[in-house]
Amino acid sequence: MLTGTIPVAETADLLRAEQRLPRWMAALAAAGTLLACLLEGLRFGAGFAGGAALALLNYYWLHQAVVTLFSAGQSRVPWRVVAKFALRYPLAIAVLYLAIKFGWVPFTAILAGLFVPVAGVLVEAINQLASGWKTSSDN
């Protein structure tokens, strides 16, 4: 069971990880789009890019909502944050529906792009493990 507060050094590490995460996601989205275009063609690459963009937008809006909700001193959450939070899934479903219905891009490409945040989290986890091993071997 956790009690107390997080030590200052660990808080700084968490803040740096929080700042790195969107960069990992953007880099993986760009690399994945390029790889998808080279291996499967432009339509697949466009579908991957669209899914990744939708996932990154969803992550950004969720992050913004969580930060706003937990920020101290605010009595009311701004309506824009609530609207973005509420529109995340309907927007994603509408985009997916239209892309599948009209066959603009392959569904599998969009689905693969939607997993970019998961890949970003995995890369950051590996980064954290590597830095932890490096620090523990230095002692």
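A salt bridge here means a side-chain nitrogen of Lys or Arg within 4 Å of a carboxyl oxygen of Asp or Glu. By this rule, the chain has one salt bridge. Please keep in mind as we walk through it that this is a predicted model.

Let's start with that pair. Glu124 forms the salt bridge with Arg20, and their closest N and O atoms are 2.7 Å apart. Glu124 sits in helix α5 and Arg20 in helix α1, so the bridge ties together parts that are 104 residues apart in sequence. How accessible are the two partners? Glu124 is buried, because its relative accessible area of 7% falls under the 20% cut-off. Arg20, at 22% relative accessibility, counts as partly exposed. Leu21 also reaches Glu124: leaving out residues up to four places away in sequence, Leu21 touches Tyr59, Gly120, Val121 and Glu124.

Now step back to the whole chain. Its secondary structure comes to five helices and zero strands, so from the N terminus on you will read α-α-α-α-α. Of the 139 residues, 22% are buried. Among the contacts with a separation of 6 or more, 68% are between residues 24 or more positions apart. The accessible surface of the chain comes to about 9,900 Å², and carbon and sulfur atoms account for 72% of that surface.

Next, the interior. In soluble globular proteins, nonpolar side chains tend to be buried together. Which residues form the largest nonpolar core in this model? That core has nine residues: Leu21, Met25, Ala29, Ala36, Phe44, Phe48, Ala52, Ala109 and Val116. Helices α1 and α2 (42-70) each supply at least two residues of this core, and α1 gives the most, with four residues. Leu21, which we met beside Glu124, is one of the core residues.

A polar atom of the Thr33 side chain lies 2.7 Å from the backbone oxygen of Ala29, and Ala29 is itself a member of the core. Setting aside residues up to four places away in sequence, Thr33 touches Gly45, Phe48 and Ala49. Of these, Phe48 is another member of the core.

Cys37 is in helix α1 as well. Cys37 and Phe48 are eleven residues apart along the chain, and their C-alpha atoms are separated by 8.9 Å.

Finally, turn to the outside. Where on the surface does a nonpolar patch form? The patch is made of Ile100, Phe107, Leu111, Phe115, Val118 and Leu122, which together have about 550 Å² of accessible area. The elements that give two or more residues to this patch are α4 (107-114) and α5 (116-138). Leu122 has its place in helix α5, the helix that also holds Glu124. Leu122 is exposed, because its relative accessible area of 52% is over the 50% cut-off. Helix α5 therefore carries both the buried Glu124 and the exposed Leu122.

Definitions and conventions: Residues are numbered from 1 along each chain as its sequence is written. This is a predicted model: local features need pLDDT of at least 70, side-chain atom pairs count only at pLDDT 80 or more; totals for chains, interfaces and linings use all residues. Side-chain values use heavy atoms; hydrogens and water are left out. A polar contact is a pair of N or O atoms within 3.5 Å; within protein, one must be able to donate a hydrogen and the other to accept it, and residues adjacent in sequence count only if both atoms are side-chain atoms. Contact means heavy atoms within 4.5 Å. Patches are made of residues with over 30% relative accessible area and no salt bridge: like charges are joined within 9 Å, nonpolar side chains (Val, Leu, Ile, Met, Phe, Trp, Tyr) within 5 Å. Accessible areas come from the Shrake-Rupley method with a 1.4 Å probe; for residues, only the protein chains shown count as cover. Buried means under 20% relative accessible area, exposed over 50%, partly exposed in between (1.4 Å probe, protein chains only). A nonpolar core is a set of buried Ala, Val, Leu, Ile, Met, Phe, Trp, Tyr and Cys residues joined through side-chain atoms within 4.5 Å.
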